[in-house]
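Student: I would like to learn how to read a few features of a protein model, one at a time. Could you take me through them?

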Amino acid sequence: MDPAELTGTVWRTVRSAAVGELGAPVPARVVVERPRPGGSGDYATNAALQLAHAAGRDPLDVAALLRDRLAVQPGIAAVTVTGPGFLNITLRHEGDPVEDALAAGDLFGHGDFLRGQSIRLVADEHPRALVLADSLRRLLLAAGASPGEQGDLVRVRAVAAPPGPGPGAGELPPDVLRWAFLRAPAQQRPRLAPELLLRREANPLFRIQYAHSRTAALARAAAALRIAVETGTGADGPPAAPPAAPVRHTRSDGALRAAIGELPAVVETAARRRAPDRLARHLDVLAGAFLGAEAAHPALPSGDEEPTAVHRARLRRAAAAGVALRSGLTLLGIRAPQHL
């Protein structure tokens, strides 16, 4: 279950409780986000507080009602109530996302959920539609579909970039232009702005590519220090080192592991809904989670410190993040640089 699907599940649960037991107005929207300090689980929401206000009920009673309904939904492992009525949601994970990513290598996020479907893509003749069609073709292939002349017709349409001040499409590097075209939903106008060219972390594309290059730099440094770590280069890469000894996961580490583990579900959603923008937005979340985890708990030992099981676990975490970032960027048709 990816964040968008979880948000939909929470909203439907809120709506059902509002029109059922509570007889209250349905909130226009709910927010699902990473837990704040003091929270727990993979995600948190204040939906119970919203609904309790609309219904004139005790927030803890409403939270208990929503908790019981959410806990039985597919993909959710547990729901707890904290504070005045926040819901903390733990998703059901089938395996270890770090080990899954390292084992799959460059095929991480690929699946067979559209196997047997033949889809014919026909794009409008303007640059953004052609870029969108190319990314959709990559996503459909990763999903197991077989684009071809005899398949179900999918006409690819996209709103073109507006004329006006700022760089034109011909003035932007290919990666930057693709990002601008794919980051916005197809029915919205993409924004071609000078900020797309900034080489700083405030620029989402730069942040994603920088995060990938940082994972590659950590792998090179680990090799120089003779720390055996799987680099996630795929079937043709070096043999995998044995998994590191179990270590306690920090909050920032948990957020990164969750973001890595969500990639296959995000790819599936993007393929089914013909929406590469969902993948683009998730890569931004993944890059932020990696950079935050690395800043909080560096993977490499410092000074004369000897590498420990904790360092090896963090290096494996970084390698898995690199695999996920590289896989996602490739599906968008954007470079995953080793140096930046």
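Tutor: F206 and Y210 lie four residues apart in helix 7 (residues 204-224), so about one helical turn separates them; helices here are DSSP runs of H or I with at least four residues, strands are runs of E with at least two, and both are numbered from the N terminus. This is a predicted model, in which local features need pLDDT of at least 70 and side-chain atom pairs count only at pLDDT 80 or more, while totals for chains, interfaces and linings use all residues. Residues are numbered from 1 along each chain as its sequence is written, and side-chain values use heavy atoms, with hydrogens and water left out.

Student: How is an aromatic pair described, and what is the arrangement of the rings of F206 and Y210?

Tutor: A pair of aromatic rings is described by the distance of the centres and the angle of the planes. Rings of Phe, Tyr and Trp (its six-membered ring) pair if their centres lie within 6.5 Å, and planes under 30 degrees apart count as stacked, over 60 as edge-to-face and the rest as tilted. The structure holds one aromatic pair: the ring centres of F206 and Y210 are 6.0 Å apart and the planes are at 10°, so the pair is stacked.

Student: Is F206 buried or exposed?

Tutor: Buried means under 20% relative accessible area, exposed over 50%, and partly exposed in between (1.4 Å probe, protein chains only). F206, at 13%, is therefore buried, whereas Y210, at 27%, is partly exposed.

Student: How do helix 6 and helix 9 pack?

Tutor: Two packed helices are described by the angle between their axes and the distance between the axes. Axes are lines fitted to C-alpha atoms, for helices over the stretch in contact, and angles run from 0 to 180 degrees between N-to-C directions. Helix 6 (residues 174-183) and helix 9 pack at about 115°, with axes 8 Å apart, which means that helix 6 is roughly perpendicular to helix 9; angles under 35 degrees count as roughly parallel, over 145 as roughly antiparallel, 65 to 115 as roughly perpendicular and the rest as oblique.
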